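Here are some notes for a colleague who is meeting this structure for the first time. Please read them beside the sequence and the 3D view.

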Amino acid sequence: MTISTRLFSLQMLDQFKLIEERLQGLQTQIATGSRIPQSSEQPMDAVTLSARRELESNITQYQKNLNKVNDRLELVDATLEESVNIAIRLKELFIAANTSSVTQTERMAAREEVLRIKETILSLSNVTDSSGDALFGGFSTEASPFREQLDGSVKYFGDGGEHMLSVS
């Protein structure tokens, strides 16, 4: 065997090894479904991919937060609108009951309606969102923030916390 034949054989073996390594790399990519099976092979692409996944995760969380915020705000708007309607009805009752032409029976009926309105306002004050968290309790969201006492007064058991969620 001459030197050129031996050198040619070694070069061919090295080429076959390179081809086999490339083939194994391609098979690994196919099997894992990823172009970058190991971050050490293409570190810049791996960092870019990791940043992209983190950004997608953040965007998904922002969308969930935005939906939750919109739902809570719609519920707050509806609750406050109902409270305004109740306040208008109370004003009408007080004006009507404060005239001299109203009988004692009519005043007692107005009193009963006012007591029912108080219960309605109390239930509106303790309204909860779809997660079961009280809307008007601050950070104390597990229990009803407004509770009626034995003497008929209403006491606030919430706190001044404001809920904040990142939406962008």
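In which helix is confidence lowest, and in which is it highest?

1. Confidence. This is a predicted model. Mean pLDDT is lowest in helix α1 (residues 3-32), at 80, and highest in helix α3 (residues 104-125), at 92. For the chain the mean is 83, with 89% of residues at 70 or more.

2. Layout. Three helices and two strands are assigned in the chain. Along the sequence they follow the pattern α-α-α-β-β.

3. Burial and surface. The chain has 168 residues, and buried residues make up 15% of them. Its accessible surface is about 13,100 Å², and carbon and sulfur atoms account for 57% of that.

4. Contacts along the chain. Taking contacts between residues at least 6 apart in sequence, 42% join residues at least 24 apart.

5. A nonpolar patch. F8, L10, M12, L13, F16 and I19 make a nonpolar surface patch of about 590 Å². One of these residues, M12, is placed in helix α1. M12 counts as partly exposed because its relative accessibility is 33%, which falls between the cut-offs of 20% for buried and 50% for exposed.

6. A buried asparagine. N65 belongs to helix α2 (residues 43-97). Its relative accessibility is 10%, so N65 counts as buried; the cut-off is under 20%. Leaving aside residues up to four places away in sequence, N65 touches L165, S166 and V167.

Conventions. Residues are numbered from 1 along each chain as its sequence is written. This is a predicted model: local features need pLDDT of at least 70, side-chain atom pairs count only at pLDDT 80 or more; totals for chains, interfaces and linings use all residues. Side-chain values use heavy atoms; hydrogens and water are left out. pLDDT is the predictor's confidence in each residue, from 0 to 100. Helices (H or I, at least four residues) and strands (E, at least two) are DSSP runs, numbered from the N terminus. Patches are made of residues with over 30% relative accessible area and no salt bridge: like charges are joined within 9 Å, nonpolar side chains (Val, Leu, Ile, Met, Phe, Trp, Tyr) within 5 Å. Accessible areas come from the Shrake-Rupley method with a 1.4 Å probe; for residues, only the protein chains shown count as cover. A salt bridge is a side-chain nitrogen of Lys or Arg within 4 Å of a carboxyl oxygen of Asp or Glu. Buried means under 20% relative accessible area, exposed over 50%, partly exposed in between (1.4 Å probe, protein chains only). Contact means heavy atoms within 4.5 Å.
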